[in-house]
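This report goes through a computed structure step by step. Please keep the sequence and the coordinates at hand while reading.

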Amino acid sequence: MFLLELKNIEMTYRDEAVETRVLKGISFSVKAGEFVSIMGPSGSGKSTLLHILGFLDRPTNGVYTFDGKSMEEYTEDELARVRNDKVGFIFQTFNLLPRTTVLENVKLPLLYSGIKESVWDTLAREAIEAVGLGHRVEYEPSQLSGGERQRVAIARALVNKPDVIFADEPTGNLDSKSGGQVMDIIQGLHDKGHTVILITHETYTAEYADRIIRIKDGMVESDERVLVRRAGSHLVK
Amino acid sequence: MIFVRTFKTAWNALIINKARSLLTILGIVIGVAAIILIMAIGQGAQDLILGEIGGLGADTIVVRPGKQPTGPSGSIDTLFSDSLKERDLDALRKKSNVPTLKSVTPAVFVSASVSYKGNTYRPQVFGWSADSMAEMLNIYVTRGVSFGEREDRQRESVAVIGSKVAEELFDGEDPIGKSIRIKNKSFRVIGVLPPTGQVVFFNADELLLVPPSVAQLYLLGIDHYNEIIVQAESPESVDRTVADIEHTIRDLHNITDPEKDDFYVQSQSELLSMVGTILSVLTAFLASMVAISLVVGGIGVMNIMLVSVSERTREIGLRKAVGATNKDIHRQFLVEAIVLTAVGGVIGTLIGFALSAVAALILSRVLGVSWAITFPVMAAVLGIGVSAGVGLVFGSYPAHKASEKSPIEALRYE
């Protein structure tokens, strides 16, 4: 049984007269607990693919099945619900709310969840501890380093205990040391049983995963197992 | 619960941009402050004027000759009609006609100058019993003596004068017992009224009272009255007294059709409600003029909210990515606009109250009246309510714009 399954996914953007085919029929499946890297040069359509995978956008054609249910069957509000409790996002540019504390940033997904307000604080602090930022709870993003900011974003992605974590170039804006730390955490999440889908254009980063799907010109170029996984010093235990 | 949380989120967003938020609500603050000020002054004026009229006593009834004036030209009829005479007075005095009547006094108005030695002054000359005025308006002769029905019956040429009249004519001399001339007739001053100022429709300090029959006979050469002032036994019996008066005079004048009445009866309560209505209409009119400024303020709020929505495109995208529905985003921005304008309403109300306290102090000084400081609760509720309503109306469009942003567009936005 696959957790998510793509069949002939196509995506075409229409901008007045110009028609751009970004995805030209993509098919693959991911099992629960897998760690998959999606690689490709810029313009290959990997970000668009992630948006579809993460329920942020609907494909022009093709069938996307998540947890046994086709995306077409979801209303907009139901998609928001799925994004809230099944999915966690980590962005290249962190996307933290400025002038808002780490704690409040991490709480953000809880605001839209059905979880009782009384446990929000505990859940958020747990997630912050898990990324090793327990001492930064009351800091604001502007007082944190890039690596720390991305770890806050990871905590935010974790707080709702999602089935899948989507990471879009999570190390793209970081130096290699902070990038390594962030990847260690992501790998740790996978080891704890989370399904992780990582988008990157660096082979080095992609090799943390146990499977790499290469995308080129809107199509799957290759889909292979990683024989020797990059080992990290796990922060997450 | 969800509202408290949304309120907190909105509050935080507004606090982050303190200066901008304050400037945005300035229009609302000014508008609401102006409305509160106008309503407070209107209320103060109403209290003052109604208080003065009310000072006449709720049991006072006035009978005037002519038709009830329906416009400014109608009052001319009242001035020239001679339908009310002594027989009417006598008829009203009969217990069998108007059983609930307590007292009745006639009044005539004289337009004349008064002189003493070389000094001349033009007071308001009323042929009206000084005793009756004292009882009705609570202004009692403090120097000398008053006069009443006995002096009227005996056609005594006596006068009671206001403090200003005394000052103008006598230059500090004691007026009591002195002889003054009105229309070449000699009158003896027997009493002086204390300085009182404006009372209802005239200035008590500029009064000169003589017995009504004397005014009719010696000053005007007429046999009718300009007014007959009646006091009912109690405020409760006013309606019945009015009906009895109308009936009695109609009988006397052989009038069967009330449409053809050559007199009209007005009670103080009627006058009170009339003046009250005029003042509140005026206040409401002014307040609604100022309310236009709230619309202008609302447009300012909408403008800034639109800027804010566009600036926070990334935030909106992020919120949607982590599970916010369109409705959540819509509510967030709408509540933000409402909180913004409601805060403007509260600040405006406080400023408005402060300004009206200052205005009350200044008016009391300048006009020399006891202008009460009023804080109309209605105005506060209205001010804050209306400004929150402005937020609701003018926040809807920006909130709609925000909710419609697609999450990927929003996240891509740099």
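The model is predicted.

**Helices H3 and H5 of chain A**

In chain A, helix H3 spans residues 102-111 and helix H5 spans residues 146-158; their axes come within 7 Å and cross at roughly 35 degrees. The crossing of H3(A) and H5(A) is right-handed. On the H3(A) side the contact is made by Val102(A), Asn105(A), Val106(A), Leu108(A) and Pro109(A), and on the H5(A) side by Val152(A), Ala155(A) and Arg156(A). Sorted by class, the contact of H3(A) with H5(A) has six nonpolar residues, one polar residue and one charged residue.

Helix H5 of chain A also holds Arg149(A). Is Arg149(A) buried or exposed? Arg149(A) has 26 C-beta neighbours inside 10 Å. A residue is buried if 20 or more other C-beta atoms lie within 10 Å of its own, and Arg149(A) therefore counts as buried. Leaving aside neighbours within four places in sequence, Arg149(A) is in contact with Phe94(A), Leu96(A), Pro141(A) and Leu144(A).

**Pro170 and Ile186 of chain A**

Pro170(A) is placed in the loop between strand S7 (164-168) and H6 of chain A. Pro170(A) counts as buried, with 26 C-beta neighbours inside 10 Å. Not counting residues up to four places away in sequence, Pro170(A) touches Ile90(A), Gln92(A), Gln150(A), Val182(A) and Ile186(A).

Ile186(A) lies in helix H6 of chain A, which covers residues 176-191. Ile186(A) is buried as well, with 28 other C-beta atoms within 10 Å. With residues up to four places away in sequence left out, Ile186(A) touches Ala167(A), Pro170(A), Val196(A), Leu198(A) and Tyr208(A).

The table lists C-alpha separations for pairs of residues within one chain.

| Pair | Separation along the chain | C-alpha distance |
|---|---|---|
| Pro170(A) and Phe94(A) | 76 residues | 7.9 Å |
| Arg149(A) and Asn95(A) | 54 residues | 9.0 Å |
| Thr9(B) and Val335(B) | 326 residues | 9.2 Å |
| Ile186(A) and Lys31(A) | 155 residues | 17 Å |

Chain B is divided into domain 1 (2-53 + 274-412) and domain 2 (82-261). How far apart do the C-alpha centres of domain 1 of chain B and domain 2 of chain B lie, and what is the value in Å? The two centres in chain B lie 54 Å apart.

In helix H7 of chain B (residues 163-170), the residues Val165(B), Ala166(B), Leu169(B) and Phe170(B) are buried. Seen down the axis of H7(B), the buried residues fall within an arc of 100 degrees, so they line one face of the helix.

**Positive phi values**

Just after H7(B), Asp171(B) takes a positive phi of about 45 degrees.

Asn184(B) sits in the loop between S8 and S9 of chain B. Phi of Asn184(B) is near 65 degrees, a positive value in a residue other than glycine. Asn184(B) counts as exposed, with 9 C-beta neighbours inside 10 Å.

In chain A, Arg99(A) is not a glycine and yet has a positive phi of about 50 degrees. Arg99(A) is found in the loop between strand S6 (87-90) and H3 of chain A. Arg99(A) is partly exposed, with 13 other C-beta atoms within 10 Å.

**Contact between the chains**

The contact takes 16 residues from chain B and 18 residues from chain A. On the side of chain B that touches chain A, at least two residues each are supplied by helix H1 (2-16), helix H11 (313-321), helix H12 (326-367) and helix H14 (407-412) of chain B. Which helix gives the largest share of the side of chain B that touches chain A? The largest share, five residues, comes from H11(B). By class, the residues of the side of chain B that touches chain A divide into eight nonpolar, three polar and five charged.

Helix H1 of chain B also contains Thr9(B). Thr9(B) counts as buried, with 20 C-beta neighbours inside 10 Å.

Definitions and conventions:
Residues are numbered from 1 along each chain as its sequence is written. Chains are lettered from A and ligands numbered from 1 in the order in which they are written. This is a predicted model: local features need pLDDT of at least 70, side-chain atom pairs count only at pLDDT 80 or more; totals for chains, interfaces and linings use all residues. Axes are lines fitted to C-alpha atoms, for helices over the stretch in contact, and angles run from 0 to 180 degrees between N-to-C directions. Helices (H or I, at least four residues) and strands (E, at least two) are DSSP runs, numbered from the N terminus. A crossing is left-handed if the near helix is turned anticlockwise from the far one by less than a right angle, and right-handed if clockwise. Two residues are in contact if their C-beta atoms, placed from the backbone, lie within 7 Å. Ala, Val, Leu, Ile, Met, Phe, Trp, Tyr, Cys and Pro count as nonpolar, Asp, Glu, Lys and Arg as charged, and the others, Gly among them, as polar. Domain bounds come from an automatic or database domain assignment. A residue is buried if 20 or more other C-beta atoms lie within 10 Å of its own, exposed if 12 or fewer, and partly exposed in between; C-beta atoms are placed from the backbone. The arc is that of the directions from the helix axis to the C-beta atoms.
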